[in-house]
Amino acid sequence: MKKDMQGLIKEAKKIIDKRYKNNQSVVGCAVKTKSGKIYTGVSINAQKINLCSEWITIGQAFSEGDSDIEMVVAVRKYEDKTYEIYPPCALCRELYVTYCPKADVIISEKKMIKADRLLPHAWKKKK
Ligand SMILES: [Zn+2]
């Protein structure tokens, strides 16, 4: 499990290294699905709206019909080439609770937590 975690962090760093653009794409995300496939993506930051890398990456997996999300991580890259693992923002927590509540979310170099524990007592849409 720990190996998977480090491997996924590495993938998120790899994609943000490749696509980093100051003020436009600063966070990289890696998502592992139950199929074993890894998807990566970056944040898109416009003038007023920042679209989290998690939405971009999970959207890619969903578009491939691979929606059983097992593990996710987002890594912020700074201009000085240092990294920080980003715990998910509130909108991403809602995304996880809605689509993958049992996914493991990496929130630091050494810590992983189940998505549904990041947003307790979540509001759920009634059908
Ligand atoms: Zn977010």
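## The core

Let's start in the middle of this predicted model. Its largest nonpolar core holds 32 residues, and Ala-12, Val-27, Cys-29 and Val-73 have the most contacts inside it. A nonpolar core here is a set of buried Ala, Val, Leu, Ile, Met, Phe, Trp, Tyr and Cys residues joined through C-beta atoms within 7 Å. A residue is buried if 20 or more other C-beta atoms lie within 10 Å of its own, exposed if 12 or fewer, and partly exposed in between, with C-beta atoms placed from the backbone.

At least two residues of this core come from each of helix H1 (2–19), E1, E2, H2, E5, H3, strand E7 (104–108) and helix H4 (115–118). Strand E5 gives the largest share, six residues. Val-27 touches Ile-16, Val-42, Ser-43, Cys-52, Ser-53, Ala-74, Val-75, Arg-76 and Tyr-86, leaving aside residues up to four places away in sequence. Two residues are in contact when their C-beta atoms, placed from the backbone, lie within 7 Å.

## The overall layout

The protein has four helices and eight strands, in the order α-β-β-β-β-α-β-β-α-β-β-α along the sequence. Helices (H or I, at least four residues) and strands (E, at least two) are DSSP runs, numbered from the N terminus.

Its radius of gyration is 14 Å, which agrees with the value near 14 Å for a compact globule of 127 residues. That radius is taken over C-alpha atoms, and the globule rule is 2.2 Å times the number of residues to the power 0.38. Buried residues make up 37% of the 127 residues.

## Helix H2 and its cover

Which residues of helix H2 (residues 53–63) are buried? They are Ser-53, Glu-54, Ile-56, Thr-57, Ile-58 and Ala-61. Their cover includes strand E1 (27–33), strand E2 (38–42), strand E3 (44–45), strand E4 (50–51), strand E5 (69–77) and helix H3 (90–99). Just after H2, Gly-65 takes a positive phi of about 75°.

## Two residues to look for

Lys-81 sits in the loop between E5 and strand E6 (83–85). Its phi is near 70°, a positive value in a residue other than glycine. Lys-81 counts as exposed because it has 8 C-beta neighbours inside 10 Å.

His-121, in the segment after H4, also is a residue other than glycine with a positive phi, near 55°. With 5 other C-beta atoms within 10 Å, His-121 is exposed.

## Reading the model

Residues are numbered from 1 along each chain as its sequence is written. In this predicted model, local features need pLDDT of at least 70 and side-chain atom pairs count only at pLDDT 80 or more, while totals for chains, interfaces and linings use all residues.
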